Number of protein chains: 2
Amino acid sequence: MALVVVGGVAAGLSAAARARRIDPRLEIVVLEKGPVISYGACGLPYFVEGRVHEASQLVVYTPEYFRKERNIDVRTGTKVVSISHPRREVLLESGARVRYDRLVIATGARCDSAGIAGVNQPHVFTLHTIEDAERMREFLRERQPKRAVVIGGGYIGVEAADALRRHGLRVTVLDRSVNVLLREDAWVTDAVRKQLEDHGVELRTGVPVQQIEPDRVADIPCDMVVLSAGFKPNVEIAAAVGVEIGRSGAIATDERMETNVTGVYAAGDCAEVMHVVTGRPAYIPLGTTANKAGRVAGANAAGGRERFHGIVGTSIVGIFGMAFATTGLSIEQARREGFSPVSARIEAQARPRYFQGRKTTVELVADRATRRLLGGAVVGEEGASGRINVIATALESRMRVDEFEQLDLAYSPPFAPVWDPLLIAAQQLLKEF
Amino acid sequence: MALVVVGGVAAGLSAAARARRIDPRLEIVVLEKGPVISYGACGLPYFVEGRVHEASQLVVYTPEYFRKERNIDVRTGTKVVSISHPRREVLLESGARVRYDRLVIATGARCDSAGIAGVNQPHVFTLHTIEDAERMREFLRERQPKRAVVIGGGYIGVEAADALRRHGLRVTVLDRSVNVLLREDAWVTDAVRKQLEDHGVELRTGVPVQQIEPDRVADIPCDMVVLSAGFKPNVEIAAAVGVEIGRSGAIATDERMETNVTGVYAAGDCAEVMHVVTGRPAYIPLGTTANKAGRVAGANAAGGRERFHGIVGTSIVGIFGMAFATTGLSIEQARREGFSPVSARIEAQARPRYFQGRKTTVELVADRATRRLLGGAVVGEEGASGRINVIATALESRMRVDEFEQLDLAYSPPFAPVWDPLLIAAQQLLKEF
């Protein structure tokens, strides 16, 4: 039995490693088009900033490690150009073929520059791979740019803005949508805008970009451009052999992470996963999901029987020391999904006043009919990560506000107030019913 | 209709405030034996330490606030000595009587010095009220003690030890049990011991104290003693009128926080609550529970219909900057409750290595038969509060390890690693099945 994994970053390597645990005798080959594997792409903005000194710090495992310790054949610089499923072969750019019995597609995503002209200029960057980040660092060092435009106000966009501002550049972030962080949430957008502006970064929303000119973008003069306008899943080689593509444009899978083509699995930034709150497939490409779904794909490809329960869409981003964390649905998203949402937003101390606690904002969204929690957001400098995770855990267990309001959360003055902001938000939300 | 609340700290005032919301016309009287109300008792060790400068910072509300803003008659220095339920009256120490239709008993607990001789010496302190803490501060300032013994290794005991050590005293903590923090958990005790010893505090477990001598305790020379050897619920006036006392020695209540005597409710440090993991009543006196159960008691006493879902026993304590957080059952406790527990304990980075993350220890306990989570503990300097709250939330929703392992937790380098320590612990635990 041979398992071939296309892609050697998060989902691909999680799949391979898990497959090895399930079946010690399986032949496993990982084909990665890039020069390195297993890197923490989410660390790239911090490498650009300089807080992470060496790109090598972002690499968790090497091909040698996988070869020696796991008996997994990892080949870098190896691009798959097509799949012949009837022959159970993948065709490489080099012309060589690799046979498989089971296939895991973990081809990831690419930056979506569709519709923007001028992306191939030397002062235009994406921040997707280690090479991207190294090229950006070199440009910063050698060209000393003074003014940057970041196209796209998603996670990478605002993190890049933060990093470039710390290098002393004037920075403007543009987003074609009216909101940032991929969330339809006006107050979160306002909070992000305030934090950016307080640190000298301008945010302009509702600004579509058609063209990057050599010295300006959308009439903003600049000598550096970061393009982070969204992800496009790499589904072409899969689609060509009849793998079903979901409505989102990413590969459709079942809860075992198998595609409609038996023996072909998909996971990571190229694939959809189940959204526990909506009960429908979603495309929310994140490293955490890639790792978890990859493990399930690998286990099943190796003969195991595991399922991926799905996601609730939890994410967090730090902007100049302030955390912006969201999970589940915003009230707008909930409405569009057919719920009758109610919401409450409160501001409270993250820790007791007498312990110098700072303010944190918590929003909770619930369904009027079922009283079930649908989503939440936490913005603050302290404890946002822990609090969004509590909401996420409640979402995964389909908790109602009534139960959430009485959660037995830890209290001690150095850590939290006796009424945690989460519980205050829940009390407020209950008044809406 | 008149509601009388006996006790004006956490549970009593939560009950009164909630009753007012439910019924704006109810006559509400709160009788508090002490001179102040509504203080954060958990802040007392930090007042002793000096980090909280004024005792007044620990007082959240004054009787005047309740009178003016809530139309609640709060009387301090008013001790209830007995209840005459047939006459619906409480009798005060002054000889006066106060009539009620509904009664909330929130009489709290007292330090349990049973069996220890010599507790009334001037160098012996408890840390239960603001007066206790003020007296201790004065003693520290005026008498400059050099060596303290803390009797009892519960939360207050270790926090007091921390505070006194920061004042420069040599400190020894004694506990009659083999474990500290009221948890049967040898590794947590070992971790506490190491943290205390690393900061110059000695811990001796399995040492019962019979007597406090003027210059020594259990052969340890000292010129100051802190007694924090446990809580004893104040149930006497309730028991005298036939209110049922549970096995724990605290007042038994139903899920509406009503006692067996109709119209008489109880909440806070004098009452039991339901433990969601064991499904049985438990006595775990904590401020968070007092506030929540008090709200429910007050709502129902005012004619509402609310229920308290119960607790999972979450707590956290900081010792010299390290958090020790526990929830649910330890493996020993689970065994004693009749489960067949399995557990796993891992050490992992609280944040990515390349982001200077520190190590954190996570233990999870689950039931072999049902795969349901039963408890957990987190020890570390970063993120322990958020992580224990995630476990607590999972316990309240009776989550199985399989679901917990796939929780969609927030990831971004400044906050957490891509595999959160909680998920690594769950992966490890799954290997035990």
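This is a predicted model: local features need pLDDT of at least 70, side-chain atom pairs count only at pLDDT 80 or more; totals for chains, interfaces and linings use all residues.
**View 1. The chain A–chain B interface as a whole.** Here 61 residues of chain A touch 61 residues of chain B, contact being heavy atoms within 4.5 Å. About 5100 Å² is buried between the two chains, with carbon and sulfur atoms giving 61% of it; buried area is the accessible area (1.4 Å probe) lost on putting the two parts together, summed over both. On the chain A side, A:Tyr354, A:Gln406 and A:Asp408 lose the most area to chain B, together 16% of what that side buries.

**View 2. A salt bridge between A:Glu405 and B:Arg295.** These side chains meet at 3.1 Å, N to O.

**View 3. Down at the rotation axis.** Chain A can be laid on chain B with an RMSD of 0.0 Å by a 180° turn and a shift of 0.0 Å along the axis, superposing by least squares on C-alpha atoms of residues with pLDDT of at least 70 in both copies. So what we have is the relation of a two-fold axis. A:Gly386 is the chain A residue that comes closest to that axis, its C-alpha at 1.8 Å. Both copies use the same surface: 100% of chain A's contact residues recur in chain B.

**Notes for all views.** Residues count from 1 along each chain as its sequence is written, and chains are lettered from A in the order written. Local features need pLDDT of at least 70 and side-chain atom pairs 80 or more, while totals for chains, interfaces and linings use all residues; side-chain values use heavy atoms, leaving out hydrogens and water.

Key. A salt bridge is a side-chain nitrogen of Lys or Arg within 4 Å of a carboxyl oxygen of Asp or Glu.
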